[in-house]
Amino acid sequence: MARDALQADACIHKHHTHMIQQIDHIGIAVKSLDATVPYYRDALGLGEPHIEEVPTQKVRVAMFDVAGVHIELLEPTSPESAIAKAIEKKGEGIHHIAFKTNDIAGNISQAKDAGLIVLNDPPVPGAHNTQVTFLHPKCTFGVLTEFCQHPGGCGCGH
């Protein structure tokens, strides 16, 4: 087998046996990053977060790494954002769980085949240059579920 074919074969066996690879992050809706970050940074000792704005989601995000799983604090930047509406309806707290995937298109297809409501098809840009899509909590036993695909990797798109 040619070298490229061997690498592609290794990639398929290593990365594509399961689309979902791990928990990527837990999203927490907050009114203010300025008020919330010190708790995670100082009281819990998680260090400095990566902070960025995600205009497509109308949020500012503070991301803390905890052994490869992230705590994602989400502050609304607009009253029309999904996070602002969630805080208004339910208050601050856990908003969603995100699964890292190597095939977000495959996850969308699989979810649709299972009769689930996919909120973003095609996926939309998320924090850290990811592509994300959400499943409606009405069909996921009350848990807003996100699929999150990071750029790069082995060149296969995972």
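This is a predicted model: local features need pLDDT of at least 70, side-chain atom pairs count only at pLDDT 80 or more; totals for chains, interfaces and linings use all residues.
Local features need pLDDT of at least 70 and side-chain atom pairs count only at pLDDT 80 or more, while totals for chains, interfaces and linings use all residues. Residues are numbered from 1 along each chain as its sequence is written, and side-chain values use heavy atoms, with hydrogens and water left out. The model holds an open sheet of eight strands, and its largest pocket has about 860 Å³ of space.

**The sheet**

- Helices (H or I, at least four residues) and strands (E, at least two) are DSSP runs, numbered from the N terminus.
- The order of the strands in the open sheet is β2-β3-β4-β1-β5-β8-β7-β6, and the pairing is mixed.
- Two strands are said to pair if DSSP finds at least two bridges between them.
- Strands of a sheet pair through backbone hydrogen bonds, either parallel or antiparallel.
- β2 and β6 are the edge strands, as each pairs on one side only.
- Strand β2 (residues 50-54) runs antiparallel to β3 and is joined to it by five bridges; E53 has R60 in β3 as its bridge partner.
- β3 and β4 are also antiparallel, with eight bridges, and F64 is partnered by I71 in β4.

**Helix α3**

- The buried residues of α3 are I83, A84, A86 and I87, where buried means under 20% relative accessible area, exposed over 50%, and partly exposed in between (1.4 Å probe, protein chains only).
- These four residues lie on the same side of α3, because they cover an arc of only 160 degrees around the axis; the arc is that of the directions from the helix axis to the C-beta atoms.
- An α-helix has 3.6 residues a turn, so residues three or four places apart point the same way.
- The buried residues of α3 pack against β1, β3, β4 and β5, with contact meaning heavy atoms within 4.5 Å.
- On the other side of α3, the exposed residues are A82, K85, E88 and K89.
- G91 follows α3 and has a positive phi, near 85 degrees.

**The largest pocket**

- On a 1 Å grid over the protein atoms alone, a pocket is an open set of points where a 1.4 Å probe fits, with protein on both sides within 12 Å along at least five of seven lines.
- Grid points are joined across faces, edges and corners, and the volume is the space filled by probe spheres set on the points.
- The largest pocket, of about 860 Å³, is lined by 42 residues, and the closest to its centre are A82, I83, H95, F134 and L144; a lining residue has an atom within 4 Å of a point.
- The elements that give two or more residues to this lining are β1 (20-29), β3 (59-66), β4 (69-76), α3 (82-90), β5 (93-101), β7 (131-135) and β8 (145-149).
- Helix α3 gives the most, with six residues.
- By class, the lining has 19 nonpolar, 15 polar and eight charged residues.
- Here Ala, Val, Leu, Ile, Met, Phe, Trp, Tyr, Cys and Pro count as nonpolar, Asp, Glu, Lys and Arg as charged, and the others, Gly among them, as polar.

- Most residues other than glycine have a negative phi, and most peptide bonds are trans.
- A67 has a positive phi near 55 degrees; A67 belongs to the hairpin of β3 and β4, which has two residues between the strands.
- A67 counts as exposed because its relative accessibility is 82%.
- K58 also takes a positive phi near 55 degrees, in the hairpin of β2 and β3, which has four residues between the strands.
- H128, in the loop between β6 and β7, has a positive phi of about 60 degrees.
- H128 is partly exposed, with a relative accessible area of 30%.
- The peptide bond from D121 to P122 is cis, with omega near 15 degrees, and P122 is in the loop between α4 (104-113) and β6 (124-125).

- I94 lies in strand β5 and is exposed, with a relative accessible area of 71%.
- Not counting residues up to four places away in sequence, I94 touches I26, G27 and I28.
- The C-alpha atoms of I94 and A29 are separated by 6.2 Å, although these residues are 65 residues apart along the chain.
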